[in-house]
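Welcome! Take a moment to look at the sequence and the model, and then let us walk through a few spots together.

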Amino acid sequence: MSEKLELIPVEDIKVTKGMTVDQMLRAMGRAGGFTAQKLADATDIAEAMVKKEGCLRILSFPACIMATGTRGVIVDMVRNGMIDLIITTCGTLDHDLSRTFAQYYKGDFMMDDAMLRDEYEISRLGNVLVPDSCYGVVLEDNLLPMFDEIFAETQSMTTHEIIDQVGARLNNEDSLLYQCHKHNVPIVVPGITDGSFGCQLWMYYQMHRKLRIDLFGDEQMLSEMTNDAEYTGAIIIGGGISKHHVIWWNQFRGGLDYCIYLTTAEEYDGSLSGARIREAVSWGKVKEDAKKMTVEGDATISLSLIHISEPTRHLRIS
């Protein structure tokens, strides 16, 4: 027998002077406004996930947003105790470190890319400009001396151990690696060689042939963290290896209890970025009765709104 249909009236959004982000999101939740409704529901799920006692809170995302000001939102989520574990890609380390020691600049999607390369030695990441002098050179100058210290006593470490040790040496409040070290939030990068940070490790390996990256140690930690948790929840941005690692390990415990997808991808091509949560339910990676929502749209907008909404602000611990 089907459940009784509950008819909830659509309410107009009343925009008032001095309206807070939380008030707007609550209004969106009553408005039936397509993606606005989804964003409001996702905010409620994020609040429930953060408040739930015994819940392991996971954040996964691709590196690109770390080149933008959204880096500050992610850093703030760690600082405020909203995240217990991060799974991401190698470029996250690249951008966090580069922006710790140098500056990125605002650009435009339609700039002349040949001109940027030939005349200015600048790489374009969407509408963010990354000068060569602020990227590879900065990483090489700062990472290789750190590696000498980090690998002085042991030459086999997991990715999260290496990243934590780098973070311990930064002493920069704006750095994600520093904040994760400070608040004991592991950062796991399954594809550690797919970026400049990994390339610096490879360069270090040329003169230190006993160096080993213990990927199985990362997987062991993920297995233990997910299996030991009473509940698990995740905010998953985009797709790729970081998204799959979150849902992969959660299938062995029966699936995520809370799940939010933020994506701009379509599902018709079968990509993981575009796959909706209902697909993960079929794999047992998200529980059928999980509190869940897929929000279509740019995460540099949606993640910021979810984070700064009033229900989560009282969670500040710093």
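Asp-94 sits in helix α4, which spans residues 90–101; helices here are DSSP runs of H or I with at least four residues, and strands are runs of E with at least two, numbered from the N terminus. This is a predicted model, where local features need pLDDT of at least 70 and side-chain atom pairs count only at pLDDT 80 or more, while totals for chains, interfaces and linings use all residues. Residues are numbered from 1 along each chain as its sequence is written, and side-chain values use heavy atoms, leaving out hydrogens and water.

Asp-94 is buried, meaning under 20% relative accessible area with a 1.4 Å probe and protein chains only. The side chain of Asp-94 does, however, reach the backbone nitrogen of Phe-197 at 2.7 Å. Contact means heavy atoms within 4.5 Å, and beyond four places in sequence Asp-94 touches Tyr-104, Tyr-135, Leu-139, Gly-195, Ser-196 and Phe-197.

Now find Cys-134, in the loop between β5 (128–131) and α6 (136–150). Why does Cys-134 count as buried? Because its relative accessibility is 8%. Setting aside neighbours within four places in sequence, Cys-134 is in contact with Ser-98, Ala-102, Gln-103 and Tyr-104. For a sense of distance, Cys-134 and Met-293 are 159 residues apart in sequence and 38 Å apart in space, C-alpha to C-alpha.

Conventions. Buried < 20%, exposed > 50% of the residue type's maximum accessible area, 1.4 Å probe, protein only. Lys, Arg positive; Asp, Glu negative; His and termini not counted. Salt bridge = Lys/Arg side-chain N within 4 Å of Asp/Glu carboxyl O. Polar contact = N/O pair within 3.5 Å; in protein donor to acceptor, adjacent residues only side chain to side chain.
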